[in-house]
Amino acid sequence: MNRIWLFGDDVDTDQIIPGRYSPYMTSEDALVQHAFIEHRPDFAPNVRPGDVIVAGSNFGCGSSREYAPRALQKCGIAAIIAPSFARIFFRNAINLGIPLFVADLTQQVSDGQAAHLDPADACLTTLDGCIELPRPPAFVQQIQAEGGIVAYYQRYHRFPEEQTPHTW
Amino acid sequence: MAQTLSEQILSHAAGREVRAGDLAVVEVGRAMTIDSIAPELIDVLYEQLHVTQLPHPERCAIFVDHVAPASNLPTAQGQVRARRFAQAQGIHAFYDVGRGICHQLMIEEHLVQPGTVAVGSDSHSTTYGAIAAFGTGMGTTDVALAFATGRTWLRVPETVRVDLSGDLAPQVDAKDIVLRLLSLVRADGFTYQAVEFHGATSLSLSSRMTLCSMTTEMGAKAGIVVPDAVTRQHAPVPDWLEVQDGAVYQDVITLDLSDIEPLVACPPRVDSVVPARQLAGVHVDQVYLGTCTNGRLQDLHAAAAILDGRHIAAGVRMIVVPASHAVLQAATEDGTLARLLSAGATIGPPGCGACIGRHMGVLGSGEVCFSTGNRNFAGRMGAPDALIYLGSAQVAAATALRGVITDPRAID
């Protein structure tokens, strides 16, 4: 089993990775060591591929730095579950192919709790059973199925476009 | 059917009528990146998208502003790559060290036009709404795709209308308007939405840039000021871009500018806003006057007027970083710089400076900074336990003078 990393509301990108630790200031290889380096120093040394981040509202607010979701991806985070995401982070994560689920589980799970998530099943499995997660809109699923927007664009030679309004 | 300004601009750029909630593929009038993102953007273009020649280099721009001049070897190498890339791709809108902050130059150099879509790999790209453009921040991959295709895709946002009325009192700034708005709607209040400012006719272009820049701190996708004579003085506004009766707004917020007083956002949240007078006596180590939010000539003038003939407090350092070379030059020529220097301030080269905590004013453990910037997150400007208070140039100057946070109205 993997584990849950629980965070509060308004986790900003400076918390995920401070600008001073950007690849531009250091190196791309160092990114994985610097995830949450100041906000949660126990994260980078202990995170394992397949772990899940559960957070409060407005996750990823602040800067447009794509190396914030990229750092979490390089740590092997299986998915991020939050009741809302800041819009640039949301796009960046989808573009990189990181599974995001819009749901508030902050009262249902605890930090360090054993859990497993298979994004394809949209189910967070803990020792208490399965917590079903709402699936993202179809166009998001399509991008994620390709592994990100670059792969999507290379396959379809176009951007996602829908004329029917939808909400998330 | 009537449309909001965002719907009008995005429909025009999409070549079809789009509404809030639609996904739209739009022509990008200008895509821009910066020194800190350019190296990874170049990697996405060359290594992932296998682009050899950009289709529209005339619609791209690159700015060396985030660490300018370079502070260490990795940043210097990154800038070398950005320069070579611009040259190889024929990107003439390349602005090197000292030219200024990307958002300031996008408007100052007329790189973005009213009624067009501009995307930038920096979250404060919402600034372009000051001239009635749809400006929005995106990540590396999205901007790389805009470089590669001249287009981008987005969900057409719902719009919240903010109706401004009345006039600002003396020593009250556009920064205070936007801090007031932040305190009302909070840091995620406009997530996925566009903000449309009505009744801003008394505000200068510089003030409008302050307003629109900070809309991203409320999660907004874009912040647009209704175009008027001030906009037209800067650039032509397309005839089709106008407020339409019956446009659907998700919400309407009214703000009487005459009710607003000097405000400060307390660390570590941008929406933790209190009147400056309530913080009277809070000691500061550093005052930072600059950034894309408040580093313009108008801000330097406001600070100089307060500091004139006086000297900043002992134990305080005041760093002034003009938003662009043109601002620096104008402040030199009209004597503003001399007034700031006489008061004990020092001047940094135009750029993002210490705002992102990378150089030229990084805060040590336990230090307190009063900044005219846009973010006060823990660790933003240096040590995670350093504190950042945000406010206008007027509050910054009054604070530098006294060494403690000071309401500028308390200065004779």
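Trainee: What is the strand order of the open sheet of 7 strands in chain A?

Mentor: First, remember that this model is predicted. The order is β4-β3-β2-β1-β5-β6-β7, and the pairing is mixed.

Trainee: What makes a strand of chain A an edge strand here?

Mentor: An edge strand pairs on one side only. That holds for β4 (100-102) and β7 (129-132) of chain A.

Trainee: How do you know that β3 and β4 of chain A pair?

Mentor: Pairing needs at least two bridges. Strand β3 (residues 79-82) of chain A and β4(A) have 3 bridges, so they count as paired, in the parallel sense. A:Ala82 stands opposite A:Val102 in β4(A).

Trainee: Now chain B. At what angle do helix α6 and helix α7 of chain B cross?

Mentor: Roughly 25 degrees, and their axes come within 8 Å.

Trainee: Why is α6(B) called roughly parallel to α7(B)?

Mentor: Angles under 35 degrees count as roughly parallel. The crossing is at roughly 25 degrees. Therefore α6(B) is roughly parallel to α7(B).

Trainee: Which residues meet there, in α6(B) and α7(B)?

Mentor: From α6(B), B:Ala174, B:Lys175, B:Ile177 and B:Val178. From α7(B), B:Ser207, B:Thr210, B:Leu211 and B:Met214. This contact divides into 5 nonpolar, 2 polar and 1 charged.

Trainee: How many residues does each chain bring to the contact of chain A with chain B?

Mentor: Chain A brings 40 residues and chain B brings 42 residues. On the side of chain A, α4(A) gives the most, with 6 residues. That side divides into 15 nonpolar, 15 polar and 10 charged.

Terms used. Residues are numbered from 1 along each chain as its sequence is written. Chains are lettered from A and ligands numbered from 1 in the order in which they are written. This is a predicted model: local features need pLDDT of at least 70, side-chain atom pairs count only at pLDDT 80 or more; totals for chains, interfaces and linings use all residues. Two residues are in contact if their C-beta atoms, placed from the backbone, lie within 7 Å. Helices (H or I, at least four residues) and strands (E, at least two) are DSSP runs, numbered from the N terminus. Ala, Val, Leu, Ile, Met, Phe, Trp, Tyr, Cys and Pro count as nonpolar, Asp, Glu, Lys and Arg as charged, and the others, Gly among them, as polar. Axes are lines fitted to C-alpha atoms, for helices over the stretch in contact, and angles run from 0 to 180 degrees between N-to-C directions. Angles under 35 degrees count as roughly parallel, over 145 as roughly antiparallel, 65 to 115 as roughly perpendicular and the rest as oblique.
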